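Here's a quick look at one protein chain, from the overall numbers down to a couple of local spots. Have the model open as you read.

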Amino acid sequence: MVPPAASDGAPVLVAEWDVFLSYSRTDADKARSLARMLRDQGLRVFLDDMGVDDFASITASISEALARSKVLLALYSAEYPRRRACQWELTYAYLAGQREGDPRSRVLVINPELSAEHVHPVELRDAKHWIWPAAPDALRPLAEQVAAHVAGIDSPLGAAGHLAGGREAPSVPWLPAPVRTGSARFTDRLAEQWRIHTALVRHRAPLVAQPGSGSGRTAQLRGMPGIGKSVLAQEYALRFGSAYPGGVFWFDLHPAQGSFPTTAMDVYAEQVDVVCHALDVDRTGDASLVRLLSRLAIHLGERGAPCLWVVDGVPDGLSQEELQLLRGPHLLASTLLTTRSSRYGSFAEAVDVPPLSDADGYRLVTSHRTPGSEVEKATALALVHDVGGHPHALDLLSDLADTADFTGLRNRLHAAGTDILVSPGPPPTGSRPSGLSRAPLAATLLTQPLCGNGPVDDVLRLFALASPAPLSQTVLENAVASVDPYDPWEAGPAVSDAVATLLGSGALLPDPAAPRSWTVHALLARAVRRHDEDTARQEDLRQVLLHTLAAPLTRMSHDSVPPRPVPVPFPPLDLPRSGPSPVERAAAFDLQVELVTRVGVQPLGPEEGSLREALTSLHSLFATTREVLHRVAAESPPPLVLPRIAFVLANQHLRPFLATWHSALRLHEETCPPGRSSIDHERLWPRAAGMRTQLAELKDPLSSTAEELAALCGIDLLHLAGPGDT
């Protein structure tokens with residue numbers, strides 16, 4: 001039979017099937033029972049009795065049957081969204097309905113589960129769907145309702161230009177790079193794919209709009225290195241390609257990773273030029289990026305077809321003007337960015353890419369080798385936890401499991417020496433392509449080796465040492481202020497800048513339970529601990545962090561005159577039975593000498609002395625405390641008492657005062673006019689009285705600290721000195 005033709009000679013699709021029954025193979029019995037009831041209603045039902053397994057291509061016959069069906073009826077069980085073939089079929093029908101204005105007109109859902117949380121997209125979950133009846137006879141009314149719905153539809157779903165689950169070349173063009181193929185072991189990410197689609201087409205389909213969400217056309221995939229952002233973007237472009245008949249434009253900025261942001265824009269400009277050349281867009285005259293995008297916008301407008309504009313690997317640090325240039329140049333273009341940075345939230349609706357769930361991680365790590373016992377199953381799941389559900393790491397481990405049992409593999413993962421995630425070697429012979437980068441994982445996570453004592457490296461080390469526990473801004477500031485080369489007033493800005501940089505690189509994960517607290521992924525923490533080139537610095541920070549976490553911490557107020565924190569009382573010193581070591585006793589005496597001679601213990605009258613000199617004196621005490629702490633920790637065996645005293649002195653008493661008043665006084669000093677003495681200018685400072693008040697309030701806590709030091713060393717200098725001695 002020859003199909004009828006349209007006026008332009010193209011064949012016109014005829015509906016050969018009323019219902020395309022889509023189901024998971026685990027629900028085959030239910031599907032057959034449902035098909036019988038539907039056929040009893042006179043409906044033509046397509047049912048694929050063979051089923052399609054994961055990672056398999058959609059056959060041409062199934063694609064043809066779907067295109068020639070009026071509706072898709074999804075038997076949406078909990079297993080249904082885990083089957084790639086099922087999701088491809090659902091997406092095909094959903095997009096066909098979306099082009100007609102209501103995606104739910106072409107997709108009918110029967111849910112055999114008690115909950116609907118597994119149903120994606122949320123528009124289908126919220127729509128009225130049928131519940132699988134408990135009694136077989138109750139299927140008849142359901143089949144009658146399906147027949148009534150189909151009766152109102154005349155045309156088939158149509159050729160959506162969406163082939164075989166992305167395994168064959170899609171009908172839409174890809175420029176400038178060759179068509180991406182996704183990953184043969186891509187797992188789930190179903191919710192994220194539908195969130196991407198909703199964000200990009202919200203302007204086309206008002207029914208999917210959500211309160212407080214973006215206006216459509218632009219979305220960003222965010223996540224740490226190796227979490228699967230690029231592969232997810234590829235899978236979305238392949239599965240939803242029919243929504244973008246104007247083509248997929250894929251720009252890869254990964255070659256510029258680790259370079260200056262301007263390098264990324266140069267790479268982008270080169271690829272835009274390639275697209276213009278391929279589309280025969282005028283490139284003569286001014287060939288700047290702005291001009292090329294303007295000419296390309298005219299070309300896209302003349303074509304009049306929606307397209308997908310993907311910019312993969314957007315680096316941190318781009319300006320708003322540069323970000324705008326990454327947006328698709330015409331309103332017909334929906335823009336999808338992938339980035340590690342979490343600082344572009346205002347530019348595009350964000351879809352965060354989380355680690356894989358236990359179930360999906362287990363499927364990936366066992367994709368080459370099936371565990372042979374319950375012990376091996378438990379060990380395989382433990383591997384998923386060890387790497388925090390990281391897809392790249394699990395992909396590497398699945399290759400290694402091809403030649404090793406999971407117990408031995410886990411031992412190798414945690415063994416000292418060669419890191420099996422750094423030198424994976426070539427993929428096993430005959431293995432399927434994964435679509436994931438084969439670059440050394442540590443290099444992916446640590447874009448630059450940790451080799452110095454800069455704030456970013458130090459803060460990252462602290463997070464890695466604390467992992468999986470989160471660290472707050474206050475803890476970080478107290479720890480950083482306790483090590484060289486940071487001054488107390490530098491700790492706050494240094495930590496803030498370092499946190500911002502790490503957020504921009506995708507290294508930090510906000511702690512949902514506490515504001516201004518973060519943690520790092522287990523795999524990043526492992527990479528830092530194993531591949532830090534400055535192990536001595538890491539050990540210094542480890543000791544500092546332990547003492548900081550053991551000491552009570554206080555938060556500073558942001559008021560103009562911050563209140564002094566109330567000292568937390570300590571129990572009496574618990575000295576070792578043998579008494580403190582000679583090194584610790586000598587250090588306690590030295591620190592007591594410094595303490596009792598400082599202005600914090602010796603009173604300063606209302607109009608006496610210089611506030612700047614008082615700050616300098618206390619800062620010297622802070623530096624001495626830090627030096628004594630390092631000396632004792634290095635030379636004296638545990639148990640130690642002095643570190644607890646020193647940490648409270650430095651971080652609870654001295655650092656908040658110094659950090660607050662150093663910067664405040666410095667700002668006032670900078671306004672001193674020529675010819676006025678520094679003392680006279682200081683006395684004109686409106687906040688001088690407030691600083692003197694808090695300086696006087698330091699006397700009691702510093703005196704208590706001196707008494708603790710006296711008990712430790714056996715010599716009480718505070719009470720030997722007269723009230724006027726210095």
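Among contacts between residues at least 6 apart in sequence, what percentage join residues at least 24 apart? In this chain it's 76%, with a contact meaning heavy atoms within 4.5 Å. Keep in mind that this is a predicted model, where local features need pLDDT of at least 70, side-chain atom pairs count only at pLDDT 80 or more, and totals for chains, interfaces and linings use all residues. Residues are numbered from 1 along each chain as its sequence is written, and side-chain values use heavy atoms, leaving out hydrogens and water.

The chain has 27 helices and 14 strands, taken as DSSP runs numbered from the N terminus (helices H or I, at least four residues; strands E, at least two). Of its 726 residues, 53% are buried, i.e. under 20% relative accessible area, with exposed over 50% and partly exposed in between (1.4 Å probe, protein chains only).

Now for helix H14, residues 406-414: Phe-406, Leu-409 and Leu-413 are buried there. They sit on the same side of H14, because they span an arc of only 55° around the axis, judged by directions from the helix axis to the C-beta atoms. The cover over these buried residues includes the following helices:

| Helix | Residues |
|---|---|
| H11 | 358-365 |
| H12 | 374-386 |
| H13 | 391-400 |
| H19 | 522-531 |

At the start of H14, a side-chain oxygen of Asp-405 comes within 3.1 Å of the backbone nitrogen of Thr-407.

Elsewhere, Ser-115 lies in the loop between strand E4 (107-111) and helix H4 (122-126). Ser-115 counts as partly exposed because its relative accessibility is 36%. Its C-alpha atom is 9.8 Å from that of Ser-77, 38 residues apart along the chain.

How values were computed: Polar contact = N/O pair within 3.5 Å; in protein donor to acceptor, adjacent residues only side chain to side chain.
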